Every structure is written in structure tokens, then in C-alpha cells.
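The following report describes how two chains and their parts are arranged and where they meet.

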Amino acid sequence: MTDYQFNKRILLDKIFKYLLILMATIILIPLFLILYFLFSKGIQALNWNFFYKMPAAMGDLGGGIANAIVGTIILILTASIIAIPIGILVGIFLAEYKDLKLSYWVKISCEILQGTPSIVIGIVAWSWIVKPMGIFSAFSGGIALALMMLPIIIRSVEETIKLIPLNLKEASLSLGVPYYKTILKVILPTGLSSIISGILLSISRIAGETAPLIFTASGNPFMSTNLFRPIESMPLLIFRYASSPFPNLHNIAWGASFSLVMFILILNLISKGVSKKWKIKY
Amino acid sequence: MFNDKLFKYSLFFFSILMLLILAIIFFTLLDGSMLAIKNNGFSFLYSSIWNPVMDEYGALPFLSGTLITSFLSLIICIPFALVVAILLGEYYKKGIFSTALNTAIELLAGIPSIIYGFWGLFFFVPIMRQIQMRVNVPPFGVGIITASIILTIMIIPYAASIAREIINMVPSDLKEAAYSLGATRLEIVKNIILPHSFSGIFAGILLALGRALGETMAVTMVIGNANIIPKSFFSPGNTMASLIANEFAEAAQNIHLSSLVQIGLLLFLVTAIINIIGQKVLQKFKY
């Protein structure tokens, strides 16, 4: 091998490396732009009124998004109450009976459900609840969000329980503890931190979902806490205000976007912190 | 013991429920679209006229809009996703650079699609308008290419994280053997990592395609919502998902609703098949 060829190879290697880094930086540009927009336009819109006032009447300046915040919280709570217990039980099943043919199919159905477009989930929740009841409702929105949370929770519970060593379970069973108590009082608490972090992650995924809510929760300019009436939510409010022609509404939408992204980021951070601080150790 | 049995039965019950949910979703969509299937027949798939007022429902504009935006964004996404995966999986496994890039990718993945749409509408669309004026095409700003670029930004994190996992799984003795023979990093990436992880990366890209096909809000806000077959990359169009988002809540006639559900059914089937194939390939990879 001549010196020239050798140098050429090393040169190509160097060029390749810097090309990779260059392209990676290009990806970061949109991220910085989005964050810049959110911060510069979002923070201006924020003040105390923003969080606890109701939306102003059409044409009036100012106003807040209190109803959207309450609505989002109600939707997330409804979805969580439905999805968390089912998700944990199915996750336990997948980890405990991993050799059954049934768990194979359950796993595949979870994966399909996770890949299903959110707008299709919206149609489904609409057909199940809105169509028979004849009115848009917070409950149907909660169902739609629960369907989207389920696969994420199931997977995190399954993976957590699979990591817990078998001898823990054997020790508990050999002491005569019944099976259900072993699972609920020994196995689940051991993996609690990862399960909680999985649940927080799933909430952060659905908090910004808009598509399944358009024709389920539907939006509501007034404060509502009734599960069987239409309800406002932050993503829906952003969608409507952003598509409107009024700069005042755009401002409010920026503020709402900023708060929503901050909420999701904080959830993500807590989720990471929880799983790091109380890591499963043996 | 009674409690034990109850617990086990409830485990089985809810797992079977999960299976049933998927079946019920399918039959709900099928049931909802029955009217449209009977009424529209096969012209649904090839007719290009969507006119609810005249009861004409052809989905070709949306099929083409969805396919064009998804594949365009996939093509732009592939090199970037590969770059991120190679950097994180081979060059910088630890350290500040890796943490920074990782955090950035996670942030991108965490931003809701509605905010991509909002940002796209107020920042990216005006820029596209400027560009379109320069190249002398009608300056819509919104359109196929705008939607595709926004979609690309959204699916890069997803494709990259799968590809990175696959690249991490390349056995290190293969790489070490090549290093000991004097190979450079570029040669290792080219001759060992990429061939070894080809099928896995392919599966990751397939799953990203599934995401792109069903993405709704961001696309709705920047594609222009014109129910026509796009004639160029710059022209406005519409996708299946954004059509549903726009018209479902306002659809008055049963047949219109049913046609929209039929589009939803089509979307569901396509993404389900893509997901099954993608997951199968990934599973083989993980033994």
C-alpha cells in the first residue's frame, strides 16, 4: 500500500465524520427554530390572567385559557383511570405468560394499536360513544386517549416485570404467599418506579394529541367539567386559534403552545428522574 | 384459592379484551363504511372527484396526496436518520455530544404534532412562499413539499431511534476484527455496520412510513386542503388523514360520513399491515 492510498483512506474517513456531524447539526436547526418561536412568542402571551381567566368574547383583547387547562386535565384523568389498570394487568399477563400463544397475539395487537393513526382512533371513539349518545363528550375523548395510552403502558409494565429476577417471586411463593399477593405486593412494588415512569411517559404522549379529539371532545368555549358534554382542551384550542385570522388569538395560541410543551417536557423530565433515582437494583 | 383464581382470570380477561378491542375497532370501521362501500363501489379508489354536495366520492386525490407526502418525507428522512443512528450508535456512544444530540432528538419526538403545524404555518409557510416566488411558481406557501418537510422533521426521531438500536446490536468482535486489520471507521460503517443492520434499519424506516401515513394535524395545517390531485410538489393537496380531520365533524349526510369512515378503514388496514411487517423484521433481528 502506497503512502498516497493510505492518506486518501484516512482523509475520506475524516471527511465522512465531519459530514455526519454537519448533517446532525442540520437536524437541530428546526428544533432550535421551534423552541425559539415558542419561547419568544409564547412567553409574551403569558401572565397570571392567562391561566385563570376564561377566553374573552369574540373581538375583545386578552382573555385566558382556564377552560382549556381544566379540560385537558379532565381528559387526561379520564384516560388514565381507564388505561392504567387495564394496562398494568395486561402487562403483567404478557410478562407472566410469555410462552402462551395468546400473549403473542396480544403483543401483536398492542403493536398494531400503537401504530394506528390517531385520527382513526378518533373515528372509533366517535362511533362507540358520540354516535349512540348523539352529543360530543369529554368521556369519548377520554376513551380515545385511553386507547392511545394502553400500548405504551402495557409495554413498559411488561418490560419492567421481565427484568425482575425470578428468585424474588420464588422466595415469596415458597413462603406461602398466594400468587396474586406475590404479584401485587412483591413484584409490582419492586418495579414501581419504572412503571410510574412509563405511565408519565404515556401521559406526555397523549397530552398534545389533537386529532382524536376533534370529533370526540370537540371543544367548548365555556368552562365545563361535565364528562358527558363537549369539553375544551389545549391542543384543540391551539388548532382553532391558529387557524383563525386574528392576531390576538394567535398570541393566545402561542402562549398555550408554550405551556403545553413545557408541561410535556416537565413530565418527560420527571419520568426520567423517577426511573433514574429509583432504579431497580438487586 | 378464590382470590388467586380471580386474579388469574382477570389477567386473562383483560388480555383477551385487548385482542377484542382491535377486532372491534376493525368491525366498527367496517360497519361504519358499509354504506359507502355499497354506494361508491370500486370507483372510490380511482375516481378523482370528491364532491359531497353531488354525492360523488372518489378518494384518489387523498390517496395520491398521502402517498406522495409520505414517500417524499421518507426519502428526505432516510439519510438524516442514518446519520443520527451512526453517530449515536458508533461514533459517540457516550459523552457530551451524544447527550446533546440524544436530548435534541427526544425533544423533537416530544413536541406535539399540532405545534409542528402551528410553527409550520407561521414560520415555514412564509419562507416557502418566498422561495416559490423566486422560482416562479404560484406562491401558495402551503402544499405538498411544505407538508413533506414538516413530516420529515417529525419522523426523523422515530426512524433514528430504531436504527440506532439496531446499530448498537452489531457484534463488537466483527468491528474489532476489522479494526485490527487496519480498517478505518468509514470502512467499518460501510462494510460491516450497514450490511449487518440493513434489514433492521429497513424495518425502522417502514415503521416511520406508518407514522407518516397517519400523521394528521401538522399536515392538515400546512398542506392547503385542496381536494385535487397534486400536479406538482408545490401545489396544495390533501391527505387521507387531514381530509377526515377537516370534514368529519361537519359531514351532514350519512353517505359523506360513511365515505370518510371508509378512508379511515383504509388508513387503518394499511398502517396495520406496515406495522406487522416492520415488527416481524425487527423481531427476527432480536432473535
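H5(A) packs against helix H1 (residues 2-40) of chain B at an angle of about 75 degrees, and their axes are 10 Å apart. Axes are lines fitted to C-alpha atoms, for helices over the stretch in contact, and angles run from 0 to 180 degrees between N-to-C directions. H5(A) is therefore roughly perpendicular to H1(B), a term for angles of 65 to 115 degrees. Helices are DSSP runs (H or I, at least four residues), numbered from the N terminus.

In this packing, A:Ile123, A:Val124, A:Ser127 and A:Trp128 of H5(A) meet B:Ile25, B:Thr28, B:Leu29 and B:Gly32 of H1(B). By class, this contact has 5 nonpolar, 3 polar and no charged residues. Ala, Val, Leu, Ile, Met, Phe, Trp, Tyr, Cys and Pro count as nonpolar, Asp, Glu, Lys and Arg as charged, and the others, Gly among them, as polar.

**Model and numbering**

This is a predicted model, in which local features need pLDDT of at least 70 and side-chain atom pairs count only at pLDDT 80 or more, while totals for chains, interfaces and linings use all residues. Residues are numbered from 1 along each chain as its sequence is written, and chains are lettered from A and ligands numbered from 1 in the order in which they are written.

**The interface as a whole**

Chain A contributes 62 residues to the contact and chain B contributes 60 residues; two residues are in contact if their C-beta atoms, placed from the backbone, lie within 7 Å. On the side of chain A that touches chain B, H1(A) supplies the largest share, 16 residues. That side has 46 nonpolar, 11 polar and 5 charged residues.

Notes
Helix = DSSP H or I, 4+ residues; strand = E, 2+ residues; numbered from the N terminus. Parallel < 35°, antiparallel > 145°, perpendicular 65-115°, else oblique.
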